[in-house]
Amino acid sequence: MSRPYAKSRLAALLRKRTLELRPKSQIDIATEAGFQNPNMVSMLKSGAAKLPLDRVPALAAALETDPRLLLRLALEQEGFETAAGAIDEVL
């Protein structure tokens, strides 16, 4: 299985937060974030998938983390590092 985002900062954050939020399961987090696929958090953690930008607010709430940080990391996955910095500065 291809994992193009395995070394992304977003994948690292997800690995960290899912451990910190135990006993909350990855399925609970996926459900709270509105993902139809309950394995989506696992796919994001492993780097097999990138985070859709429209899921950032809900996933940030489910992970109890800063939505601005999650948006920045999602934009990095999209290849918009420069834009992420500008957006972060504006927000």
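Predicted model: local features only at pLDDT ≥ 70, side-chain atom pairs only at ≥ 80, totals over all residues.
How many nonpolar, polar and charged residues does the lining of the largest cavity have? Residues are numbered from 1 along each chain as its sequence is written, and side-chain values use heavy atoms, without hydrogens and water.

**View 1. Lining of the largest cavity.** The lining comprises Arg-68, Leu-71, Arg-72, Ala-84, Ile-87, Asp-88 and Leu-91 (lining residues have an atom within 4 Å of a grid point where, on a 1 Å grid over the protein atoms alone, a 1.4 Å probe fits but cannot get out). Four of these residues are nonpolar, none is polar and three are charged (Asp, Glu, Lys and Arg count as charged). Helices α5 (67–78) and α6 (81–90) each supply at least two lining residues (helices are DSSP runs, H or I, of at least four residues).

**View 2. Surroundings of Leu-51.** Leaving aside neighbours within four places in sequence, Leu-51 is in contact (heavy atoms within 4.5 Å) with residues including Leu-10, Phe-35, Leu-44, Leu-59 and Leu-70. Gln-77 and Glu-78 are also among its contacts.

**View 3. Arg-17 in helix α1.** Arg-17 is buried, with a relative accessible area of 14% (buried means under 20%, with a 1.4 Å probe and protein chains only). Its side chain reaches the backbone oxygen of Leu-63 at 2.8 Å. Beyond four places in sequence, Arg-17 touches Leu-63, Glu-64 and Thr-65.

Methods
1 Å grid on protein atoms, 1.4 Å probe; cavity = no way out; pocket = protein on both sides within 12 Å on 5 of 7 lines; lining within 4 Å. Buried < 20%, exposed > 50% of the residue type's maximum accessible area, 1.4 Å probe, protein only. Polar contact = N/O pair within 3.5 Å; in protein donor to acceptor, adjacent residues only side chain to side chain.
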